[in-house]
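Okay, thanks for coming, everyone. Let me put the structure up, and then we'll walk through it together.

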Amino acid sequence: MDRHLPTPAERFIRGILPENPVLRQVLGICPTLAVTNTMEGAITMAGAVLFVLTCANVLVSLLRPLLKPHLRILVFTLTIATFVTIADRFLAAYMYDMSKQLGPYIPLIIVNCIIIARCEVCGSKQSVPAAFLDAVGQSLGFALALGAIATVREVLGFGTWFGRWLGIRLLPATLSDRVWAPWTVMILPPGAFLTLALLLGAVNWAGARLQKAEVSR
Amino acid sequence: MNYLATVLMLAIATALINNMVFHFFVGCCPFIGVSRKLDMAFGMGAAVTFVVSIAALLSWTFTYFILAPGAPLTTWLWRLLRPGSTAVVDLSILNYLVYIFVIAWAVQLVEMYVRKFFPALYKAFGVFLPLITTNCVILFTCLEIMKHVGPVPGSVPDPWGLDKALIYALFAGIGFLLAIVIMAGLREELEHCDVPASLRGPGITLVIAGILALAFLGFTGMDSSLARRLVPTAAPAAAPSAASAERPS
């Protein structure tokens, strides 16, 4: 049965770049846009998704023999909702400020397409090791995309990188406005849409170049 | 402030200023995926508006009577089981599970109802109806309503009754409808344009969404200026205190 399906190691590698959930599959756009105005928010979000996706994928993989086709989406959603509640309570208890900043986007992980798609594509079909590695790979890919967007937005919008946790300041705050002023638009919604659009364009362009090079070789 | 003014301001704030797609980024998946054709986009938006209203009705009722801290129904049941207990009964840890269940149930119900009584509409919606279960707009609206439900007076800063929750949900849906219809109209025109190969599809859609979000930023502050206009005529006695409360910092 597993003959047609990728091996666990392949699943892991594919999640990071070739099938990156955000940059290649364009899934889970809501959190990608909403939490990436600071690096801390992006990393916390990626951590929450890593936890929920890994637990849900492994549990669905264990429940595989019991799944009924017409009820599977409901089972996925309830499994995910349980783990999201755990993640949400954990953040509210130990990282209160971050939980306040992310607000409704942590519970919105329940309806994040990435997790339901992974449960459907991998968790409900393959064994536990494959499901686990697939979840970790996809989450790392998600973290990579979020980190890339958050880096652009935070550096251009605030002039800092991990400003609140590490206090790294890349662009000086004391320059006069004539030399460099923070781009407030990068923190606001339009900056999120434009950054993601340009990143998608760049990834597609690089992918096309690589493919062309491979064909000519 | 009189009731109509409150409703009008809530509607404008929800549909335009804090538009679901352009301000909160929720519902981006259908916004990008289903905005290729104008009629499909309209169908999706209408279906979401419909479902979000029903989900809001159900989630407000469940939160108010069962889930929120000190909810009347659960408190009554607890007192029945443990007479003399004064503990505050709080089931809010079950919120997310109940909401997602309610949404899935509402979508299922709407699907069955529409299939039975409006077959033409059912055909037009097609696969979008079941997909609405995982639409962020609906869960987001439920979560937003959750923050404003408190059966115990003073437990939440700005408690909403069922009427306000329903108006919020309706205009959240209308805001989504507006966004997806604008986008579909633009994308239909875009088919005649020469878009760079690497930006085709989601890329150019997001660029347009960015420009539209910039345009929607122009609505910011409209509610407070409207409040200043509406308040003196509506309730002259309450005007000074309300005006000072509305003025931004």
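So, how many salt bridges are there between chain A and chain B? The count is 0, where a salt bridge is a side-chain nitrogen of Lys or Arg within 4 Å of a carboxyl oxygen of Asp or Glu.

A word on the ground rules. This is a predicted model, where local features need pLDDT of at least 70 and side-chain atom pairs count only at pLDDT 80 or more, while totals for chains, interfaces and linings use all residues. Residues are numbered from 1 along each chain as its sequence is written, chains are lettered from A and ligands numbered from 1 in the order in which they are written, and side-chain values use heavy atoms, with hydrogens and water left out.

Back to the interface. On chain A, 36 residues are in contact (heavy atoms within 4.5 Å) with 33 residues of chain B. About 3000 Å² is buried between the two chains, and carbon and sulfur atoms give 86% of that. Buried area here is the accessible area, with a 1.4 Å probe, that two parts lose on being put together, summed over both. A:Cys30, A:Val111 and A:Phe193 supply 21% of what chain A buries against chain B, more than any other three residues.

Which elements of chain A give two or more residues to that side? They're helices H2 (29-34), H4 (72-94), H6 (113-123) and H9 (189-216) of chain A; helices are DSSP runs of H or I with at least four residues, strands are E runs of at least two, and both are numbered from the N terminus. H9(A) brings the largest share, 11 residues.

Now chain B by itself. Its secondary structure comes to 12 helices and 0 strands, and its C-alpha trace spans about 75 × 50 × 35 Å along its principal axes.
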